[in-house]
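Me: I have a structure here that is new to me. Can you walk me through it?

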Amino acid sequence: MNQLSFPIESQSLAIAVGEIALLLFLSAILGWWLAKTIVKRRISRMRILLEEKKYELTEFRTSMENNNHQPIATNASKTVYPVTSPDHAPDDLKRIDGIGPKIEELFNKEGIHTYEQLSETSVIRMVGILKKAGPRFQIQDPSSWPKQAELARDQKWDELELFKDKLASGKVY
């Protein structure tokens with residue numbers, strides 16, 4: 001069998017190794033220089049961002065020092081809401097889709113007795129009442145209750161029924 005062999009002279013081998021070593025050395029220096037430049041830019045950007053945040057913090061602290069005369073509520077257990085007025089009897093909140101006897105009782109305990117009070121109650125507060133009552137009540141979605149209570153308050157019973165039908169079909173956005 002005939003093998004191909006390339007005669008390599010020791011002098012050309014030394015030159016090739018030298019060239020490879022030189023290229024590796026130049027690549028390392030170029031890589032080091034690029035990394036240094038990129039890191040310097042990033043550090044510069046971070047310093048600018050840090051100075052901006054320090055400035056914002058100083059402004060915030062100054063504004064907080066200027067507002068020290070305002071009282072801060074501490075140890076508040078719950079907000080007290082007025083009960084029904086003497087000229088209006090409690091409404092049947094169960095007419096609202098999603099409110100049953102237990103949820104009506106929860107809302108009554110929190111001072112919500114009328115459609116007007118329910119329509120003016122924020123959804124966040126309703127969610128809080130339901131959350132406080134336990135996992136059984138947390139599955140309810142009170143986002144439509146203020147709208148339904150508004151219609152009931154204004155005694156728009158037909159519109160309320162249409163709205164409830166839309167809710168049931170999932171066509172309310």
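Reply: First a term: helices (H or I, at least four residues) and strands (E, at least two) are DSSP runs, numbered from the N terminus. By that count the protein chain has seven helices and zero strands. This is a predicted model, where local features need pLDDT of at least 70, side-chain atom pairs count only at pLDDT 80 or more, and totals for chains, interfaces and linings use all residues. Residues are numbered from 1 along each chain as its sequence is written, and side-chain values use heavy atoms, with hydrogens and water left out.

Me: How much of the protein chain counts as buried?
Reply: Of its 173 residues, 20% do. Buried means under 20% relative accessible area, exposed over 50%, and partly exposed in between (1.4 Å probe, protein chains only).

Me: OK, H2. Which residues are buried there?
Reply: H2 covers residues 101–109, and Ile 103, Glu 104, Leu 106 and Phe 107 are its buried ones. Seen down the axis of H2, they fall within an arc of 160 degrees, so they line one face of the helix. The arc is that of the directions from the helix axis to the C-beta atoms.

Me: And what does the face turned away from the buried side carry?
Reply: The exposed residues Pro 101 and Lys 109.

Me: What do the buried residues of H2 pack against?
Reply: Four helices: H3 (115–120), H4 (123–133), H5 (135–138) and H6 (145–153). Contact means heavy atoms within 4.5 Å.

Me: Switching to H6 and H7. At what angle do they pack?
Reply: About 160 degrees, with their axes 8 Å apart; H7 is residues 157–169. Axes are lines fitted to C-alpha atoms, for helices over the stretch in contact, and angles run from 0 to 180 degrees between N-to-C directions.

Me: Which residues make the contact?
Reply: From H6, Lys 147, Gln 148, Leu 151 and Ala 152; from H7, Trp 157, Glu 159, Leu 160, Phe 163, Lys 164 and Leu 167.

Me: One more. Where is Ser 144, and is it buried or exposed?
Reply: Ser 144 is in the loop between H5 and H6. Its relative accessibility is 11%, so Ser 144 counts as buried. Leaving out residues up to four places away in sequence, Ser 144 touches Phe 163 and Leu 167.
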